[in-house]
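Please look through the sequence and the model that follow. The paragraphs after them go from one part to the next.

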Amino acid sequence: MKFRAFVSVLALLPATSVAAAPFSSGDWEAARIGGTCVVYNNAPARDTSGSLQFSFDVKGYNADFTYEYAPYTENEEDPWAETDLVEITIDGEDIWLGEEMFPVGMQAPNKLSMTSGFVKDIAAAVANAETNVDISVERESLGETWLYGRFSPAGFSESLAKAAEMCDFDPENLPES
């Protein structure tokens with residue numbers, strides 16, 4: 001009988017970072033890797049590529065939002081120039097947050113990253129999306145806008161909530177990093 005009571009108490013204890021298994025909902029997943037929780041999409045829509053990723057340290061510090069163009073290799077031309085502008089479209093409407101996303105540069109020429117102070121805003125925008133989240137880049141030298149990735153928001157809110165639980169933070173009230 002004492003063994004059953006002990007097992008019952010153990011079940012009530014919070015999972016440690018070692019025991020925290022990845023969580024999946026819809027087209028999104030959440031995982032804790034050491035002291036960082038990540039929320040990432042499973043796959044882009046047909047005819048687009050790449051991945052979206054949110055990351056948060058414990059208590060929500062160092063919040064980050066990135067898009068990574070997946071088919072890029074070092075043997076090809078960079079997918080965009082540092083002067084190109086990012087456009088984020090939610091359910092067919094451009095949102096102002098694209099102005100806060102920039103090419104990372106030489107260390108990761110296939111990545112776009114958002115100014116950290118706006119991560120809670122993009123998380124809220126993705127959580128409120130109904131059909132799709134698009135990442136496009138206005139290719140200044142070509143005079144064209146290229147759609148790089150289209151992503152479903154299905155499961156994002158649940159995955160974000162799980163990451164918030166794993167790393168003990170409030171997505172709507174992230175600390176200044």
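Predicted model: local features only at pLDDT ≥ 70, side-chain atom pairs only at ≥ 80, totals over all residues.

Which residue in S11 is the bridge partner of Arg139? The partner is Glu144.

Arg139 belongs to strand S10, which spans residues 133–139. Strand S10 and strand S11 run antiparallel and are joined by seven bridges. Another pairing can be found along these strands, where Ile135 stands opposite Gly149 in S11. The two strands make a hairpin, with four residues between them. In the turn of this hairpin, Gly143 has a positive phi of about 65°.

S10 and S11 belong to an open sheet of four strands, whose order is S7-S6-S10-S11 and whose pairing is antiparallel. At the edges are strand S7 (93–95) and strand S11 (144–151), each of which pairs on one side only. If direction is ignored, neighbouring strands of the sheet are turned by 35° against each other on average.

Arg139 also has a contact with a ring. The charged end of Arg139 sits over the ring of Trp146, at 4.6 Å from the ring centre.

Next come the aromatic rings. A pair of such rings is described by two values, the distance of the centres and the angle of the planes. The structure holds 13 aromatic pairs. One of them is formed by Phe54 and Phe65, with 4.6 Å from centre to centre and 45° between the planes, and this pair is tilted. Phe54 is in strand S4 (residues 51–57) and Phe65 in strand S5 (residues 64–68), so this pair ties together parts that lie 11 residues apart in sequence. Both Phe54 and Phe65 are buried.

A second example is the pair of Phe56 and Phe169. Here the ring centres are 4.4 Å apart and the planes stand at 25°; planes under 30 degrees apart count as stacked, so the pair of Phe56 and Phe169 is stacked. This pair links distant parts of the chain: Phe56 is in strand S4, while Phe169 is in the segment after helix H3 (156–167), 113 residues apart. Phe56 and Phe169 are buried too.

A disulfide is a covalent bond between the sulfur atoms of two cysteines. The count in this model is one disulfide, and the bond joins Cys37 to Cys167, with an S to S distance of 2.1 Å. The link of Cys37 and Cys167 is right-handed, with 90° about the S-S bond.

Are the two cysteines buried or exposed? Buried means under 20% relative accessible area. Cys37 has a relative accessible area of 0%, so Cys37 is buried. Cys167 has 1% relative accessibility and therefore counts as buried as well.

Key:
Residues numbered from 1 in each chain as written. Heavy atoms only, no water. Phe/Tyr/Trp six-rings, centres within 6.5 Å; stacked < 30°, edge-to-face > 60°. Buried < 20%, exposed > 50% of the residue type's maximum accessible area, 1.4 Å probe, protein only. Lys NZ or Arg CZ within 6 Å of the ring centre and 35° of its normal. Pairing = 2+ DSSP bridges. Axes fitted to C-alpha atoms, helices over the stretch in contact; angles between N-to-C directions. Disulfide = S-S within 2.5 Å.
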